[in-house]
Amino acid sequence: MHFTAFFAYSLRICLTLILYSFAFAVQATWYPADVIADGKKTAYTPLTQANKAWRICALLPHGKDQYWWGVAFGLSQEAERQGVTLGIYDAGGYDNIEQQKQQLYDCQALKAQAYIIAANTADGLIADIEQLSAAGIPVIDLVNGIATDKLTSRSLVSFEDMSAAAIEYIASQQRDPVDKAPAKLKVAWFPGPKDASWVMAAEQGFRRAATKQEFDTIEGGFGTTELFIQADLVRKVLTKQSVDYVIANAVAATFAARYLDGRRNKTGKVIAFYSNAQTIELVQKKQLLATVSDSPVLQARIAIDLAIRALEGAPYPHRVSPVIKVISQDNIHQIDLEQILAPQNQWMIHQDLPQQK
């Protein structure tokens, strides 16, 4: 009896240690990560653990699609791994800048010690951010871009480079004989919400690269990244004319790929200039030609680490960008999707910063 009880107890301990080790390994697998830090390619490694349970507030534009589910997941996981207290808020949409401001004020009232902000607009929070910076409170610019240099650091990828990468991928697909002048490609362009910093950057990259390649651009128009808005824009363009390619935000790209796939007389290959679960799935199903990735889960994890480094006086870069990946039907099986997507069945995470004890 004593031996049996001891054996059962030992077995439970071993299983607990194995499960603990497995869980730790799963959380630790994201680093070292290939990034560009202050202009130099390097392997990013975060702190092992924060020195104390710092109070950090993360403000996101919305939680309506899986891109931001992945961001929220990355924030939550790294905060848990490092042992800090995190509040995650979303403003409900890109047009709700006043809601995002109010959430920032609510976090101030809750004595947040650092802020991670994926801003609704490039300039909507500048005055508030500069006040925080002047008070010595770290502010990390996450994903979207904020038009001030009064920031602690940035964890983001240039959407100018993302849209340009989509154009360059199209150019790489052209295989016309040398003695035959290629026809001018017709490319439909669906950027996303007007005045969002990331969209303005994507516009610049697209225009620059499309002009270089001498593409004929079909304007899809601006609109928030909600399905019914983007679907309407896509229909208006693709019902009137045929195109060679569609380059679009992830929501428009998803709809365009399915729209074209269901119509035999419609031509056109679709590329998303950023990725979410739907664009990844459509590449896997060979309905989407490619999707460009900025590794949003990885950006979020890095943002947490940057905030902690700033709070603790540890060295940190002023800008960190995961290496851009063009995910195609040819290479998708070689891509680490854990840097891009939240796990299956993981929805948007909302959590309030708790009252200070």
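Reader: Which residue in strand 4 stands opposite Leu 59?

Author: In this predicted model, Tyr 89 of strand 4 is the residue opposite Leu 59.

Reader: How do you know that strand 3 and strand 4 pair?

Author: Pairing takes at least two bridges. Strand 3 (residues 55-60) and strand 4 are joined by six bridges and run parallel, so they count as a pair.

Reader: Why is the crossover between them called right-handed?

Author: The chain leaves strand 3, passes through helix 2 (residues 66-82) and reaches strand 4. With the strands pointing away from the viewer, a clockwise path from the first strand over the helix to the second is right-handed, and this β-α-β crossover is right-handed.

Reader: What makes strand 4 largely enclosed?

Author: Buried means under 20% relative accessible area. Five of the six residues of strand 4 (residues 85-90) are buried, so the rest of the structure largely encloses this strand. Across the protein chain, 54% of the 357 residues are buried.

Reader: Which residues have the most contacts inside the largest nonpolar core?

Author: They are Ile 56, Leu 60, Leu 75, Ile 116 and Phe 159, in a core of 73 residues. Helix 10 (residues 296-312) gives the largest share, ten residues.

Reader: What is Ile 116 in contact with, leaving aside its neighbours within four places in sequence?

Author: Its contacts include Ile 56, Leu 59, Leu 75, Ile 140 and Ala 303. Contact here means heavy atoms within 4.5 Å.

Terms used. Residues numbered from 1 in each chain as written. Predicted model: local features only at pLDDT ≥ 70, side-chain atom pairs only at ≥ 80, totals over all residues. Heavy atoms only, no water. Core = buried A, V, L, I, M, F, W, Y, C linked by side-chain atoms within 4.5 Å. Buried < 20%, exposed > 50% of the residue type's maximum accessible area, 1.4 Å probe, protein only. Helix = DSSP H or I, 4+ residues; strand = E, 2+ residues; numbered from the N terminus.
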